[in-house]
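This briefing sets out the main features of a single protein chain, grouped by topic. The sequence and structure are shown first.

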Amino acid sequence: MTATERRPYALTLRTTEVAGRFVADGEPATFTIDNGKLLENPAHPGTAEYFLASLAGCALNIIAARSVEWELPYPRLEVTGSYLVDENDSTRFERIELHFRFADVTEEQGLRYVDDFSARCPIYNTLVRGGAPIDVHVRADGAATSG
């Protein structure tokens, strides 16, 4: 595909009859976003949950693809993401953390996967280049390290 054939991915969001509930439509995904501040009983994730899922999902996608590319066993991996909004500036993150827990790879291989993710994920790199403080922690086969 040439540069002139490339097209941006588009997602259209719209309000619904329920104040605080929004629907996102994009090819092929359709999903609902709830605003927990407006809904007494949110039934769907909110924007913060989708943000963390996008960041962790990018990690899982890249690591899964690399395991196949590098002809390594498909890793059993859990990624937990968290964030804290700056108490003095609600438009910024004070901290974002990613915890990678590999069940069946060495610490060295886990670090290789995570380094590859951090070099290739556009979500991660957009955040880091914008000044978001992201702490990454890796645990593999019971050996923990952070960076």
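Predicted model: local features only at pLDDT ≥ 70, side-chain atom pairs only at ≥ 80, totals over all residues.

What percentage of the 147 residues in the chain do buried residues make up? Buried residues account for 31% of the 147 residues.

**Overall architecture**

- The chain contains three helices and seven strands, which follow the order β-β-β-α-β-β-α-α-β-β from the N terminus.
- The C-alpha trace spans about 50 × 45 × 30 Å along its principal axes.
- The accessible surface amounts to about 9,800 Å², and carbon and sulfur atoms contribute 51% of that area.
- Of the contacts between residues at least 6 apart in sequence, 43% join residues at least 24 apart.

**Nonpolar core**

- In soluble globular proteins, nonpolar side chains tend to be buried together.
- The largest nonpolar core of this chain has 25 residues, and Phe100, Phe102 and Phe117 touch the most other members.
- Two or more residues of this core come from each of α1 (47–69), β5, α2 (107–120), α3 (122–129) and β6 (134–140).
- Helix α1 gives the most to this core, with eight residues.
- Beyond its neighbours within four places in sequence, Phe117 is in contact with Leu55, Cys58, Ala59, Ile62, Ile63, Leu98, Phe100 and Tyr124.

**Salt bridges**

- Side chains of opposite charge can pair when their charged atoms come close.
- The structure holds seven salt bridges.
- In one of them, Asp25 pairs with Arg14, with the closest N and O atoms 2.2 Å apart.
- Because Asp25 lies in strand β2 (residues 21–25) and Arg14 in strand β1, this pair ties together parts that are 11 residues apart in sequence.
- Asp25 is partly exposed, at 27% relative accessible area, and Arg14 is also partly exposed, at 43%.
- A further salt bridge joins the side chains of Arg101 and Glu78, at 2.5 Å from N to O.
- This pair links distant parts of the chain, since Arg101 belongs to strand β5 and Glu78 to strand β4 (residues 77–85), 23 residues apart.
- Arg101 is partly exposed, with a relative accessible area of 30%, and Glu78 is partly exposed at 43%.

**Glu97 and its surroundings**

- Glu97 is located in strand β5 (residues 93–102).
- A salt bridge connects Glu97 with Arg95, the closest N and O atoms being 3.1 Å apart.
- Glu97 has a relative accessible area of 17%, under the 20% limit, and therefore counts as buried.
- Elsewhere, salt bridges with shared partners join Arg66, Glu69, Asp116 and Arg120 into one network.
- Not counting residues up to four places away in sequence, Glu97 touches Thr80, Gly81, Ser82, Asp135 and His137.

**Nonpolar surface patch**

- Tyr9, Leu11 and Leu13 make a nonpolar surface patch of about 310 Å².
- Of these residues, Leu11 is placed in the segment before β1 (12–15).
- Leu11 has a relative accessible area of 36% and is partly exposed.

Terms used
Residues numbered from 1 in each chain as written. Heavy atoms only, no water. Helix = DSSP H or I, 4+ residues; strand = E, 2+ residues; numbered from the N terminus. Contact = heavy atoms within 4.5 Å. Patch = residues over 30% accessible without salt bridge, like charges linked within 9 Å, V, L, I, M, F, W, Y side chains within 5 Å. Areas by Shrake-Rupley, 256 points an atom, 1.4 Å probe, with all protein chains shown as cover. Salt bridge = Lys/Arg side-chain N within 4 Å of Asp/Glu carboxyl O. Buried < 20%, exposed > 50% of the residue type's maximum accessible area, 1.4 Å probe, protein only. Core = buried A, V, L, I, M, F, W, Y, C linked by side-chain atoms within 4.5 Å.
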